[in-house]
Amino acid sequence: MSDDADAGLIDRLVLRDERAFTALVKAYERRIFALVLRMIGNPAEAEDLAQEVFVQVFKAIGSFRRESKLSTWIYRIAINLCKNRSKYLRARHSGDQEPLDAQPERAPTMESRGSYSDIARPDDMASGKQAERIVQQAIGELEPSFRECLILRDVEDLSYEDIGEITGLPEGTVKSRIHRARAQLREIVERALGEKIR
Amino acid sequence: MTDAGDDQLEEDPRERDAMRQLLKRSLAVEALTKESPELVAGVQRRIRQRSRGRFFADGWGTTQSRVSYFLVGLMTLMVAIVAYFALGPWDMR
């Protein structure tokens with residue numbers, strides 16, 4: 001969506017134009033769902049959270065100061081809600097841990113913390129999906145602040161400047177977090193795969 | 001997409017690009033779920049509930065225009081006019 005189109009849309013959104021808001025949701029729903037899904041890893045949670053992002057957009061559009069792009073502002077809301085939901089899910093799952101002797105033997109997964117699915121599926125091991133599943137698990141093991149920078153950069157293809165605006169971090173910090181996230185991810189994946197990624 | 005900043009941090013560009021491709025593939029929406037849901041109806045429902053019906057009040061807000069409001073208003077007016085002439089206190093004598 002161009003800046004001019006955004007400006008017109010924002011004017012209508014501020015006036016609580018329901019048609020404009022519906023157009024906004026339609027324009028951004030796939031991107032926001034994809035971002036939230038990548039951050040959270042669980043489709044049902046992601047759908048719920050993506051809807052909540054747009055509710056927050058509707059509530060807060062009057063406070064949007066137009067200093068950043070509309071998309072950047074929406075991404076910021078999405079990332080903040082993802083952080084809060086991740087914290088909540090971690091707390092909830094740490095509170096209802098099964099006793100160790102009651103747990104079946106399995107690879108540690110993000111599912112046990114509320115997202116991403118178990119990677120240790122024999123059928124997947126035999127297919128080319130193994131590396132993808134390992135990455136999906138590994139991304140869930142990263143520090144959340146590293147994960148968000150890495151996803152925004154390497155998957156969403158955003159600039160460092162945009163990532164800085166979304167996360168509220170200085171550009172240098174964004175770069176170093178991305179660098180460290182890549183290194184951590186590579187280490188986890190290569191250890192699990194038993195080979196280097198080239 | 002590459003950026004000058006990526007190269008300032010002692011990474012092998014080939015390894016970085018390979019990792020990036022694997023990450024993109026692994027986190028593609030299709031790799032994580034079967035389909036992207038449509039969010040519009042759910043978002044409108046939440047706003048309707050939380051605003052106690054002030055926004056997206058009756059489902060018409062989900063339609064593409066406000067013509068429905070106009071038509072219903074016009075029809076109500078016509079019914080009132082017809083009723084007035086049909087039942088009004090006319091002295092026909």
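Start by selecting R65(A) and E67(A): are both buried or exposed? Both are exposed, and they form a salt bridge whose closest N and O atoms sit 3.9 Å apart. Keep in mind that this is a predicted model.

Next, colour by chain and look at where chains A and B touch. The contact takes 48 residues from chain A and 45 residues from chain B. About 4,400 Å² is buried between them, with carbon and sulfur atoms giving 61% of that area. On the chain B side, pick M19(B), L27(B) and L39(B): these lose the most area to chain A, together 14% of what that side buries.

Select D48(A) and R46(B), a salt bridge with its closest N and O atoms 2.5 Å apart. D48(A) lies in helix 3 (residues 43-60) of chain A and R46(B) in helix 3 of chain B, so this pair joins two chains. At 28% relative accessibility D48(A) is partly exposed, whereas R46(B), at 13%, counts as buried.

Then move to E52(A) and R50(B), which also cross from helix 3 of chain A to helix 3 of chain B. Their side chains meet in a salt bridge at 2.7 Å, N to O. Here E52(A) is buried at 12% relative accessibility, and R50(B) is partly exposed at 49%.

Note on methods: Residues are numbered from 1 along each chain as its sequence is written. Chains are lettered from A and ligands numbered from 1 in the order in which they are written. This is a predicted model: local features need pLDDT of at least 70, side-chain atom pairs count only at pLDDT 80 or more; totals for chains, interfaces and linings use all residues. Side-chain values use heavy atoms; hydrogens and water are left out. Contact means heavy atoms within 4.5 Å. Buried area is the accessible area (1.4 Å probe) that two parts lose on being put together, summed over both. A salt bridge is a side-chain nitrogen of Lys or Arg within 4 Å of a carboxyl oxygen of Asp or Glu. Helices (H or I, at least four residues) and strands (E, at least two) are DSSP runs, numbered from the N terminus. Buried means under 20% relative accessible area, exposed over 50%, partly exposed in between (1.4 Å probe, protein chains only).
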